[in-house]
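The sequence and the structure come first.

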Amino acid sequence: MNEELILKFQPFIKLLNTYHDYQVLGLENIPKKGPCIVAFNHSLATYDIFLLMNTIIESYNRFPRSLIDNLFYKVPGLGDLMGQLGCVAGKPNNAESLLSNGEIVFVAPGGMKESLRPSRKKYEISWAQRRGFARLAMKTGTPIVLAACPAADDIFHVYESEVSKWFYKNLKVPLFLARGIGLTPIPKPARLTHLISEPMLPPSNYSNPENALEDYHSKLVNRMKQLINAANQNQYGTEYLN
């Protein structure tokens, strides 16, 4: 990770902060030290994740590490760039190593599939079969903090496409048809707010690991849906913690 390179991107990030009137509610729920898993809903735009990363850097002087799809490493040079920005391939051993070193680890459980869903399914999460992040928390004893920013789905209008579905299903290639302002690729100035949940501790004592995993994962999914609903209703007070 090249911290100096990351800091060079800050002026651009600050422009995006202003453009989207970005704010974070519940930042205090992310620890100032020690390991933590931060789980996001995944938009096509994706850069809302970097907005929160920059907020943590400025507020805590901590540089979160993001788990990313292996596809990035299939594009010449892109994997190396992402590595310099603190990203690592989304493999369990990489995540465990980062957490053992006390890092903040970013993960979008819905992955590429969630980011490519059409706008008619915006604000939905695709976590039903994505238990890896919950299993990681249980194995390492690390709390998960949820970061919901459903308005990131309003940055682009994503069209449903059978071609896109075919490319994802057969080649795992993120081919998509989308637009921003008008018919352009310019991002719409959606107002972005991240709602940060309380730390959700994994179970520590259990007789059946699979049942414990299922229960913990269910709680995470339901809590994320609550946060998304609260954000969509502009409940930006203490209500979103209830």
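In this predicted model, helix α7 (residues 132-140) packs against helix α9 (residues 209-232) at an angle of about 120°, and their axes are 9 Å apart. Angles of 65 to 115 degrees count as roughly perpendicular; α7 and α9 are therefore oblique to each other. The crossing in which α7 passes α9 is right-handed. On the α7 side, the contact involves Phe133, Ala134, Arg135, Ala137 and Met138, which meet Pro209, Glu210, Ala212, Leu213, Tyr216, His217 and Leu220 of α9. By class, nine residues of this contact are nonpolar, one is polar and two are charged.

The crossing of α2 and α3 is left-handed. Helix α2 contributes Gln10, Ile13, Lys14, Leu16 and Asn17 to the contact, while α3 contributes Phe50, Leu51, Asn54, Ile57 and Glu58. The residues of the contact of α2 with α3 comprise five nonpolar, three polar and two charged.

| Helix pair | Angle | Axis separation |
|---|---|---|
| α7 and α9 | about 120° | 9 Å |

The report now turns to empty space. Rolling a probe the size of a water molecule over the atoms shows where such space is left.

The second largest pocket has a volume of about 380 Å³. It is lined by 19 residues, of which Lys113, Leu116, Arg117, Pro118 and Lys165 are the closest to its centre. Two or more lining residues come from each of the elements α6 (111-115) and α8 (162-171). Helix α8 supplies the largest share of this lining, with four residues. In the lining of the second largest pocket, eight residues are nonpolar, three are polar and eight are charged.

How many cavities of 30 Å³ or more does the structure hold? There is one. About 80 Å³ of space lies in the largest cavity. Its lining consists of 13 residues, and those closest to the centre are Leu44, Arg117, Asp153, Phe156 and Val158. The lining of the largest cavity divides by class into seven nonpolar, three polar and three charged residues.

Definitions and conventions: Residues numbered from 1 in each chain as written. Predicted model: local features only at pLDDT ≥ 70, side-chain atom pairs only at ≥ 80, totals over all residues. Heavy atoms only, no water. 1 Å grid on protein atoms, 1.4 Å probe; cavity = no way out; pocket = protein on both sides within 12 Å on 5 of 7 lines; lining within 4 Å. Points joined across faces, edges and corners; volume = space filled by probe spheres on them. Nonpolar A, V, L, I, M, F, W, Y, C, P; charged D, E, K, R; others polar. Axes fitted to C-alpha atoms, helices over the stretch in contact; angles between N-to-C directions. Parallel < 35°, antiparallel > 145°, perpendicular 65-115°, else oblique. Left-handed = near helix turned anticlockwise from the far one by under 90°. Contact = heavy atoms within 4.5 Å.
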